[in-house]
Amino acid sequence: MNCVVPHFTEEEINLLKQSGRVLTVKAGHILFRENDETDHVYLIESGHVKHYHTTSLGKVVIVSICGPSEMIGVPAVLLGQRRGVFAEALEPGTLWRIEQEVFLRLLHQYPQLAVKLAAIHCQLVRNYEYGLQTLVVASADSRLAWLLLRLAEGRRPERDGGQRVGFYLTHQEMADMIGSCRQTVTTVLGNFKRAGLIRIKKHALEIVDADRLRQLVS
């Protein structure tokens, strides 16, 4: 499975916040678009943001989802390139916008922040490599099991022992993340539920048997 991505300390987060301005967004808000000019980054305080591409045929491919204490828009700023993906809020949230010049100056002034940022993105690359391998060779059951485990990483167990996915995704969004279709995701989730691997509540999905899901992935 994926390795845990390093996180910023509270001190580092406060340093980033002091350098930016707060932004409140609604679900569906587009933070930036593919091929946009690059002049800022974001620190997520609450909510989740999805990164995605659109193909020439109009198909959406979700490449990552970021949550609280994570930064988005960093690669394009560091490389001096245009945005490579769309970034859209999955739910209402709060972010801190930091202008490019200010952000780069912070990295020069606080080398430990730059090192932490490098470690975070190196681990993300390794996770993407693992995910790509899973998407290429695995069955739909294995791919969806991998996705559910990934989305639940770091979540504390519920009182009844289940492990809740951190936010709500539609079946279509899950399909967009594993290279499948909505109908297949709906069918596989139904199979998982009947087998006692997950339970589905109102706008919430909980993992009941993570060990059996891991067996599907391996």
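Author: A contact means heavy atoms within 4.5 Å. Among contacts with a separation of 6 or more in the protein chain, 70% join residues 24 or more positions apart. This is a predicted model, where local features need pLDDT of at least 70, side-chain atom pairs count only at pLDDT 80 or more, and totals for chains, interfaces and linings use all residues. Residues are numbered from 1 along each chain as its sequence is written, and side-chain values use heavy atoms, without hydrogens and water.

Start with the whole chain. Eight helices and eleven strands make up its elements (DSSP runs, H or I of at least four residues for helices, E of at least two for strands, numbered from the N terminus). Of its 218 residues, 44% are buried (under 20% relative accessible area, with a 1.4 Å probe and protein chains only).

The buried ones are Glu 173, Met 174, Ala 175, Asp 176, Met 177 and Ile 178. Just past the end of α6 comes Gly 179, with a positive phi of about 65 degrees.

Helix α7 covers residues 182-194. Its axis comes within 8 Å of the α6 axis, and the two cross at roughly 105 degrees (axes are lines fitted to C-alpha atoms over the stretch in contact, with angles from 0 to 180 degrees between N-to-C directions). That makes α6 roughly perpendicular to α7 (65 to 115 degrees). On the α6 side, the contact uses His 171, Gln 172, Met 174, Ala 175 and Ile 178. Arg 182, Val 185, Thr 186 and Leu 189 meet them from α7. Met 174, Ala 175 and Ile 178, part of this contact, are also among the buried residues of α6. By class, the contact of α6 with α7 holds five nonpolar, three polar and one charged residues (Ala, Val, Leu, Ile, Met, Phe, Trp, Tyr, Cys and Pro are nonpolar; Asp, Glu, Lys and Arg are charged; the others, Gly among them, are polar).

Elsewhere in the chain lies an open sheet. Four strands form it, in the order β1-β8-β3-β6, with antiparallel pairing (a pair needs at least two DSSP bridges). β1 (21-25) and β6 (71-72) stand at the edges with a single partner each, so one side of each has no neighbour in the sheet. Two bridges join β6 to strand β3, residues 40-46. In one of these strands, β6, Ile 72 is the bridge partner of Tyr 42.

How values were computed: Buried < 20%, exposed > 50% of the residue type's maximum accessible area, 1.4 Å probe, protein only. Parallel < 35°, antiparallel > 145°, perpendicular 65-115°, else oblique.
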